[in-house]
Amino acid sequence: MDYLTLLQILDSTLRLATPLLLACLAGLFSERGGIFDIGLEGKMLAAAFFSAATAAVTGSVWLGLLAGITASMVLSGLHGLASITFRGNQLISGVAINFLAAGITVLVGQSWFKLGGRTPPLMGGGRFEEITLPFADALRDLPLIGPFYAEVISGHTILVYVALLCVPLSWYVLFRTRFGLRLRAVGENPAAVDTAGVSVIGLRFAAVAICGLLCGMAGAYLATGLGAGFVKDMSAGRGFIALAALIFAKWRPWYALYATLLFGFLQAVALRPDVLETMLQFKIQVQLLDALPYILTVVILAGFVGKAIPPRAGGEPYVKER
Amino acid sequence: MQVIPRWADIVLIPAINLFLAFFISGLVILAIGEDPFEALKLMVDGALGSTYGWGFTLYYATNFIFTGLAVAVAFHAALFNIGGEGQAALGGLGVALMCLFIPWPHWTIALIAASFGAAAFGALWATIPAYLQAKRGSHVVITTIMFNFIAAALLNYVLVNLLRPAGTMDPASAKFPDAASLPTLSDMLNAIGIPFAARTPANITLIIALIACVAVYYLIWRTKLGYQLRAFGKSEPAARYAGISSVKIIMIAMAISGGLAGLMAINNVMGEAERLILNSVEGAGFIGIAVALMGRSHPFGVLLAAILFGFLYQGGAELALWTSIPRDLVVVIQALVILFTGALDGMVRAPVERIFLMMRKGA
Amino acid sequence: MNGLAPAIELKGISKAFGPVQANKDISIRVMPGTIHGIIGENGAGKSTLMSILYGFYKADAGDVFISGQKTAIPDSQAAIAAGIGMVFQHFKLVENFTVLENVILGAEDGARLGPSLSKARKQLTQLAADYELNVDPDALIENIGVGMQQRVEILKALYREADILILDEPTGVLTPAEADHLFRILEGLKAQGKTIILITHKLREIMEVTDTVSVMRRGEMTATVKTSETSPQELAELMVGRKVLLRVDKKPAEPKDMVLEVDNLEVVDSKGVKRLKGISLNVRAGEILGIAGVAGNGQSELLEVLGGVRTATGMIRVNGQPLDLTGKLSDGRSRRERGIAHVPEDRQREGLIMDFAAWENVAFGYHHEDEYNAGLLMDQAALKEDAAGKFTRFDVRPDNPMLEAKNFSGGNQQKIVLAREIERNPDLLLVGQPTRGVDIGAIEFIHQRIVELRDAGKAILLVSVELEEILSLSDRIAVIFDGQMMGERLPSETDEKELGLMMAGMTGQEREAS
């Protein structure tokens, strides 16, 4: 494999990892706050549709982004209502949200655009443009680093860079701020937060709201950055891969970056079976690559490679006790 | 202290939940510019207005009985099996292997063998996550989700690389031999003089599904195993105190659950398609969640809920045919049913309890 | 004193949970700089009252006055603002946070953590010096002992500048030495002008540290008296409403063959902590061996090993034959087959399935027995008939086995468990906390049944944290401390004081010195 091919694969790794990273961080905030969220997939899908639909109608990708985030946050609010306010089962609520999104996007899409659930393809201002970072062209001729900078680091849409920035930001918020302390506490022992005079409900809603925001960006990126419009079920299990990455990352922001880059890399390689074949000298089944993130997660979950301990109060609705 | 009477718990609250789900579904139809009452009429006509419609409704219902029972059995042991989709897919593989590679003399024997294959493959696919939960503590919800994807990849591989007949591009197995062809519901009913539309997919598997309902009822409420399974589901420490092995219960409950999900393949793979195709489960595994929740994990409730969803599925297909409402409407209804009967149960329960408490005080 | 407003005053507080009246028209005045005790049995309504004071529950009626000012306490935040700090029976700490993080949680200065943490660190040093409250600020909660954790809870309250400190059953998990240290801390706080409310059901503590004491019974405040002007006997009467029978009516034991022999039993828990450090004991047929000890010293683990709920190393023989302690036969079912019946310490979590009907519960653990099964199915008629008989013989009320277990009172739930275990006619009965949360009337009944089983020639191992129960029921008493046996005494040759010292881990010489 030559260097250029490697760079191409790394470039698409970054592209494909971005929605996973955003969704993974979304899940991280929610689960750190004690709310399990298997509805990442649905929120991403809803955001993808509403961002594409809005961008298609208005021609503005920024309005699309806003619409996508709004849609995702509405579903987050629903999840919060069910699992925080009414103390329902968080897993069941998540399942419901996934189906709701899968159904509504097609239903509304068909009603609005009559394209069998698609949105019209996005063009011009309807998509996020690729940003060439400063000196990308000037440095291109430097050996090794130059092309790496120009091909892999530079030339992505703004959301890719936002996603990458979200990693240190999330770390800072979680571990260096008052809000982060309280959020982590509410996921570990909500009674401690409650008796300290802080609202458990408020914190948990904040957690699902952040989750909605990040999922919204992930979905918007799918339809307006990675793709050019919405197609039915376009999230294609990414929400679950993000969930897998979250477990892989043991609920930590930097690890989330590494895990999603790994899974993004697997997806990127799966798109280039030819490269893999020449590299490994034998044929790797594409299906195996598809299944690899899930298999890896099961292995991690089974504790064969370190133990992943979720936040202790996760999944449990908070009921005051004496 | 019993706050609400039993009938309110098993009839009133589910009815209110269901009403809310359908009410909002109606609003959704209204929002996309269609008439919900017109839509309902179309659905009723299409799904229940003729034996042809019933032939489809009952076919879908058969699928959902199996997947609903699968989720329900696991629920009784406090396990949430989201893996019905993958288990049913593997069940399909079991059926295909049984039908393709062994020349059966008669469909009755083929049916028994295929049922065994379907249940065994489904059970196997569920016991791996069960083992990981019982022995390694990995949450069965997450692992069964992962196993759905792994099953999809596995089936894709098997169909494309192993079962696909030479010379075809379609990722599907060869057609099963005629000896493995199951009698349809119309064959059976016409034989005893009841006219029923031909060319509908409902088949003898419906009878097996009904037997499964009865069997699950006895299993859960009348057998020692069911007693232990329910005890474990209600309180794990108590089960340990009583000497009920958590490993055994988790494994058995999930195996039964997976086996039931796998049995669905008798209906869709052997009874209908008569070959194994990609994505043959079509989400029925997930609908099992809605069916089990709506049916309160009781086999009779599951049966009713499965028929309702069978109706929605067939009705939804009719809608898509005659109006611009896509079939995905059913997915929305399914989501709302799961939401209201599952996650938002407390929203309805709390005010109902308050009303009963007020009435009691007033009395 | 007279010119001063009470630090805290409750007027006419009432609270009902559904049909249950937890607090009825309760009024208390607590003067600043005093320690006020509230004593009452389990379920008397003490904790409900304090939860109202801390904003957990809203009272149906009544007012709270803080320093003479009527104060509404809708939530914990308001309670903290009013200067109330609470140390709960079950600590409210984040296990994987440091002490420092737990202390500042909810009381941070500003949005950034750094400054809050360094400020708290300084203040913690000061508080530690002032009140003997030394803790390592950087230790993780999960790595420090319960005594330390309790100090963190007190520090949390003090860091929030609480003037009124409520402690709910603070010594339940402490050794006597730790409890004494706690009382010293409380005296120190009192000297600094803090007001303390101590909730407990232990008379000794009330007599030792409080200035005034209120007694609660069945949701009502029956009396408030100066501690110096009352006696433990008077308080006990006020608590239970009638003279307590301290001794159970029973003949001397006639021990026969050896039934249970435990030799060098060791248990290591899931965190790798040794909970039993080589326990040896034996029980003969026809006698009751009582295990005395402060909760958490290994007696629960001992019961669990014997009941087949937990694995262990060492040797246990029943009727001369060894028990499997780690293998396939180390489960509850195998133990029952060996003639061991087990009344678990926590009947609601272990002994019963609360959502099962009572008739289903009478077979729990014995559901394999032939009498409950007919072919492939369970014999529901046999189960119901058996349940009806047990209900009559054990006077379970209401007399309706069709009701779910959760619909019975604590005492009646315990009768269902006892009926199930005793009527199996076991060789060895394990009993954990037989009367915890049980009403007075049922206690007598339960004690009588246990003695009857002894008189029928069965071996009984009794574990209870109630010293009085141990003293009145046992034929021999073994004291457990920190996973080890401190020695055995005959009830006629010992008293609460000696047992108390042994429970605190004091050796013979230390006891003599004290």
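The following exercises, each with a worked solution, concern a predicted model. Residues are numbered from 1 along each chain as its sequence is written, and chains are lettered from A and ligands numbered from 1 in the order in which they are written. In this predicted model, local features need pLDDT of at least 70 and side-chain atom pairs count only at pLDDT 80 or more, while totals for chains, interfaces and linings use all residues.

**Exercise 1. Describe the fold of chain A through its elements, dimensions and burial.**

Solution. Begin with the elements, which are DSSP runs numbered from the N terminus: helices are H or I with at least four residues, and strands are E with at least two. Chain A has 14 helices and two strands. Next, take the radius of gyration, computed over C-alpha atoms, and the globule rule, 2.2 Å times the number of residues to the power 0.38. The radius of chain A is 20 Å, close to the 20 Å that the rule gives for 322 residues, so chain A is as compact as a globular protein of that length. Along the principal axes, its C-alpha atoms fill a box of roughly 65 × 50 × 40 Å. Finally, consider burial: a residue is buried if 20 or more other C-beta atoms, placed from the backbone, lie within 10 Å of its own, exposed if 12 or fewer, and partly exposed in between. Of the 322 residues in chain A, 56% are buried.

**Exercise 2. Characterise the side of chain B that touches chain A.**

Solution. Residues are in contact if their C-beta atoms, placed from the backbone, lie within 7 Å. By this criterion, 38 residues of chain B meet 38 residues of chain A. The elements of chain B that give two or more residues to this side are α5 (107-136), α6 (140-163), α12 (284-294), α14 (329-343) and α15 (345-362). The most comes from α6(B), with 10 residues. For the composition, Ala, Val, Leu, Ile, Met, Phe, Trp, Tyr, Cys and Pro count as nonpolar, Asp, Glu, Lys and Arg as charged, and the others, Gly among them, as polar. This side of chain B comprises 26 nonpolar, nine polar and three charged residues.

**Exercise 3. Determine how α8(B) and α9(B) are arranged.**

Solution. Axes are lines fitted to C-alpha atoms, for helices over the stretch in contact, and angles run from 0 to 180 degrees between N-to-C directions. The axes of α8 (residues 205-222) and α9 (residues 224-234) of chain B come within 5 Å and cross at roughly 65°. Angles under 35 degrees count as roughly parallel, over 145 as roughly antiparallel, 65 to 115 as roughly perpendicular and the rest as oblique. The two helices, α8(B) and α9(B), are therefore roughly perpendicular to each other. From α8(B), the contact uses Leu219(B), Ile220(B), Trp221(B) and Arg222(B), and from α9(B), Leu225(B), Gly226(B), Leu229(B) and Arg230(B). By class, these are five nonpolar, one polar and two charged residues.

Definitions and conventions
Contact = placed C-beta atoms within 7 Å.
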